[in-house]
Amino acid sequence: IRAHKETFRGLADTEESGTREKRTLPYTYARLRTLNKGDWKYGRIEVRAKLPAGQGVWPAIWMLPSDWKYGMWAASGEIDIIEMVSQKPEVKNKVVHGTIHYGKEWPGNVFSGESYTFEGSDPSEEFHTYAIEWADGEMRWYIDDYHYATQTSSGWYSQIKNADGELYNVEGSAPFDQ
């Protein structure tokens with residue numbers, strides 16, 4: 001997947017209304033959606049990637065549920081295997097993140113995660129293997145088999161409304177039990 005600097009007129013999300021409308025944009029890009037092409041719970045997921053550099057880009061590889069059992073984003077969870085937020089090309093130590101999003105539906109959601117700094121190398125110049133090991137109640141993040149982060153179910157939660165409309169915390173390791 002590559003972003004190209006070229007003018008394109010097409011449907012785009014609008015921040016103000018959250019709807020899609022025709023807009024002219026200065027770049028084209030792509031995304032891969034696997035919704036309804038396969039589901040899994042737990043395991044090791046690996047992605048080999050070379051991340052793009054540049055101010056304003058936000059490359060990310062993440063997983064969302066197919067069935068939003070605990071509500072819409074992020075009450076049903078999001079697992080970011082890797083993301084890199086707007087790095088200027090002249091920055092030598094690139095920082096990437098492994099993050100989870102959870103809690104209530106947006107805008108009441110929260111997130112937590114860890115960062116990894118590439119010392120003396122640049123994830124936009126060479127391929128690296130980004131991985132997550134997802135087990136019941138625990139997630140572990142790796143870069144080139146180096147373990148840099150762990151999160152456990154004691155640090156995440158999912159809140160949903162009961163029949164009276166009151167929020168409560170779901171038992172167990174929700175939302176990352178689906």
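A residue counts as buried when its relative accessible area is under 20%. In this predicted model, F118 has a relative accessible area of 3% and is therefore buried. By the same cut-off, 37% of the 178 residues of the protein are buried.

The protein contains twelve strands and zero helices. Its C-alpha trace spans about 50 × 45 × 30 Å along the principal axes. Among contacts with a separation of 6 or more, 50% join residues 24 or more positions apart. Charged side chains number 20 positive and 27 negative. The centres of these two sets lie 8 Å apart.

Six aromatic pairs are found across the whole structure. One of them joins Y42 and W134 in edge-to-face geometry, at 5.5 Å centre to centre and 80° between the planes. W134 is buried because its relative accessibility is 7%. Y42, at 25%, is partly exposed.

F118 also takes part in an aromatic pair, with Y116 as its partner. The geometry is edge-to-face, with centres 5.0 Å apart and planes at 85°. Ring pairs connect Y116 and F118 with Y146 and Y148 in a cluster.

A charged group also sits over an aromatic ring. R44 lies over the face of Y142, 5.1 Å from the ring centre.

Technical notes
Residues numbered from 1 in each chain as written. Predicted model: local features only at pLDDT ≥ 70, side-chain atom pairs only at ≥ 80, totals over all residues. Heavy atoms only, no water. Helix = DSSP H or I, 4+ residues; strand = E, 2+ residues; numbered from the N terminus. Buried < 20%, exposed > 50% of the residue type's maximum accessible area, 1.4 Å probe, protein only. Contact = heavy atoms within 4.5 Å. Lys, Arg positive; Asp, Glu negative; His and termini not counted. Charge placed at Lys NZ, Arg CZ, Asp CG, Glu CD. Phe/Tyr/Trp six-rings, centres within 6.5 Å; stacked < 30°, edge-to-face > 60°. Lys NZ or Arg CZ within 6 Å of the ring centre and 35° of its normal.
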